[in-house]
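Thanks for coming. I have one structure to go through, so please look at the sequence and the model while I talk.

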Amino acid sequence: ALAYERVWIDRNGLSTGAMRAKYEGGGCSAGLPASRRVAVAGGARRTFERATIYFREGVGAHELDAAAP
């Protein structure tokens, strides 16, 4: 559970669940949301200013830094 109930709402929607926990767990360093949550094979993806967070049921949420090779 998150330490507080901050909800991120922007023109692209709402970040919730494991993706929100991953985002906040990284100190919000991914930046502001740059896309909606998009369905991808086996899960979902949401792009932020400096990273993308992927989620897959049974695996959880993972952040990929935009600067990573």
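Glu 24 is buried, at a relative accessible area of 12%; buried here means under 20% relative accessible area, exposed means over 50%, and partly exposed is in between, with a 1.4 Å probe and protein chains only. Its side chain meets that of Arg 20 in a salt bridge, at 3.7 Å from N to O. A salt bridge is counted when a side-chain nitrogen of Lys or Arg lies within 4 Å of a carboxyl oxygen of Asp or Glu. Arg 20 is also buried, with 8% relative accessibility. The two residues are four apart in helix α1, so about one helical turn separates Arg 20 from Glu 24.

Before I go on, the conditions. This is a predicted model, in which local features need pLDDT of at least 70 and side-chain atom pairs count only at pLDDT 80 or more, while totals for chains, interfaces and linings use all residues. Residues are numbered from 1 along each chain as its sequence is written, and side-chain values use heavy atoms, with hydrogens and water left out.

How many salt bridges does a search of the whole structure find? Two. The other one joins the side chains of Arg 50 and Glu 49, at 3.6 Å from N to O. There, Arg 50 is partly exposed at 45% relative accessibility, and Glu 49 is partly exposed at 47%.

Now the overall layout. Helices (H or I, at least four residues) and strands (E, at least two) are DSSP runs, numbered from the N terminus. Of the 69 residues, 29% count as buried.

Back to α1, which covers residues 17–25: Met 19, Arg 20, Tyr 23 and Glu 24 are buried in it. Seen down the helix axis, these buried residues fall within an arc of 130°, so they line one face of α1. The arc is taken from the directions from the helix axis to the C-beta atoms.

Which residues make up the largest nonpolar core? There are ten, among them Met 19, Tyr 23, Cys 28, Ala 44 and Phe 55. A nonpolar core is a set of buried Ala, Val, Leu, Ile, Met, Phe, Trp, Tyr and Cys residues joined through side-chain atoms within 4.5 Å. The elements giving two or more residues to this core are α1 and β5 (51–56), and β5 gives the most, with three.

Ala 44 is in contact with residues including Met 19, Ile 53 and Phe 55, leaving aside neighbours within four places in sequence; contact means heavy atoms within 4.5 Å.

Next, the hairpin. β5 and β6 (residues 60–65) run antiparallel and are joined by six bridges; two strands pair if DSSP finds at least two bridges between them. Phe 55 stands opposite Ala 61 in β6. Three residues lie between the strands, and Gly 58 in this hairpin has a positive phi near 85°.

Two other positive phi values follow the helix. Gly 27, after α1, is near 70°. Cys 28, in the loop between α1 and β3, has a phi of about 60° although it is not a glycine. Most residues other than glycine have a negative phi.

Last, Ser 35 in that loop between α1 and β3 (38–40). Buried or exposed? Ser 35 is buried, at 17% relative accessible area. Its side chain reaches the backbone nitrogen of Thr 47 at 3.0 Å.

Definitions and conventions. A polar contact is a pair of N or O atoms within 3.5 Å; within protein, one must be able to donate a hydrogen and the other to accept it, and residues adjacent in sequence count only if both atoms are side-chain atoms.
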